[in-house]
Each structure stands twice: as structure tokens, then as C-alpha cells.
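This report concerns the salt bridges of one protein model. Please consult the sequence and the structure shown here while reading.

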Amino acid sequence: MEQELIKKLLEGCGRAWETLGDGYGARVRSQVADVAFAFGRRDDWALVDDVTAEVFATLLARDAAVLRCFRGQSRLSTYLAVIATRIARRSIAKQVRQSHDQIESVDGIDGSGNAVDLRATDPQATLITREDRQMILNLVDQLPGKQRTIVEAFYRDELSYVEISERFGIPIGSIGNTLRRAEQRLRNWIDDETK
């Protein structure tokens, strides 16, 4: 049934898109809300709505390239949850960074004239110290060529899977697996470095 839905979506059937939204919209929004919560944006429903719309726009983009990669090896709801989580993480992290850049641009002073502890408001800064960040960058440089290219494009350049696929001629379906293998390799190296 899910494969039939995907087939109709790829054929451009309007009813199929309604079915996708009705059947999976709540799951996608829930995933986005979980990511927003993790970034300290618990009640920012406008952000959740915007990022949820971005997820569905990504599904439509480039002739539904993301949906064309669905092979039925998992449930469609799981596949969409993974996509939603990745898009939400990148989008919300970018917005958090931008808001912190604005804070930093006024020399760490908030609207009432009080000093702002940027580490307390930036979840990534509290997790990764400057030394840790440099160690990770050094380890990324040691990744094999394709993994390094994809990690840098996704995390540093903030390219989408579709943009990475187009820029480097890599099949879109292999990007997630390559990222996961690179992330696992980095985790193993970090564990070795910190023992």
C-alpha cells in the first residue's frame, strides 16, 4: 500500500499528496517538535510549523527526488521521520546560530542592557568546547575522500541531500548511509582520543 502511495505521489496525483499529508503530517510535525524541544524551542509553534512545511517542500522538490529514494526497506512513516529529523536539526540549528549571531553582534548585551551568557543559550556550545571542536575538525580531515566531502557539505556548507547529489554526482539514496558511516567512524575515533 505504501509503495502504491509513493507511485501515485511520483505521478503527481493531488489526492495522493492529500493522503500523505493526512496520514503522515502529524508524525512529521511531532518529529520537528521533538527537535525544536531539544534546541530549547519548546513552545515555538511558528517555528515548528515553518520547519514542517519545509519538510513537505523538500519532499516535493526536484521532482520528488527524496520520495524516489524510498525503497520500502522500512515503513514510510519511519522514512519520513528520519527525513523530518534531519531537516529539522539543520534548519533549527541554523536559526539558533543566526539568533546567537545577532546577540553577539550587540556585544553580548540583551535588549534590557544585561550581559548574555552565550554558552547558556546555545545548546551546541555547551556540548562542544573549542578544543573538542578542533579535535573533530582534525578527525574529519582524516575521513576517506567521499565521506569527508559529504560530511563537510552537509554539516559545514549546510547543503541538502538533493544539493549534495547534484553538486558531486552522488546518488541521493547513498548520502544518508555515507553520513552514518562517517559519523560512526568519527564517534569511534573520538572515543579512542578521549580514553
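Is D44 buried, partly exposed or exposed? D44 is partly exposed, at a relative accessibility of 27%.

## Overview

The model is predicted. Four salt bridges are present in the structure, and three of them are described below, including the pair to which D44 belongs.

## The bridge between R41 and D44

D44 takes part in a salt bridge with R41, and the closest N and O atoms of this pair lie 3.7 Å apart. That distance meets the criterion for a salt bridge because the cut-off is 4 Å. R41 has a relative accessibility of 21% and is partly exposed, while D44 reaches 27% and is also classed as partly exposed.

## The bridge between helices α2 and α3

A salt bridge joins the side chains of R29 and D49, with an N to O distance of 2.7 Å. R29 belongs to helix α2 (residues 14-38) and D49 to helix α3 (residues 45-68), so this pair ties together parts that are 20 residues apart in sequence.

## The bridge between D63 and R68

R68 and D63 form a further salt bridge, in which the closest N and O atoms are 2.8 Å apart. D63 is exposed, with a relative accessible area of 53%, because the exposed class begins over 50%. R68 has a value of 35% and is partly exposed.

Technical notes. Residues are numbered from 1 along each chain as its sequence is written. This is a predicted model: local features need pLDDT of at least 70, side-chain atom pairs count only at pLDDT 80 or more; totals for chains, interfaces and linings use all residues. Side-chain values use heavy atoms; hydrogens and water are left out. Helices (H or I, at least four residues) and strands (E, at least two) are DSSP runs, numbered from the N terminus. Buried means under 20% relative accessible area, exposed over 50%, partly exposed in between (1.4 Å probe, protein chains only).
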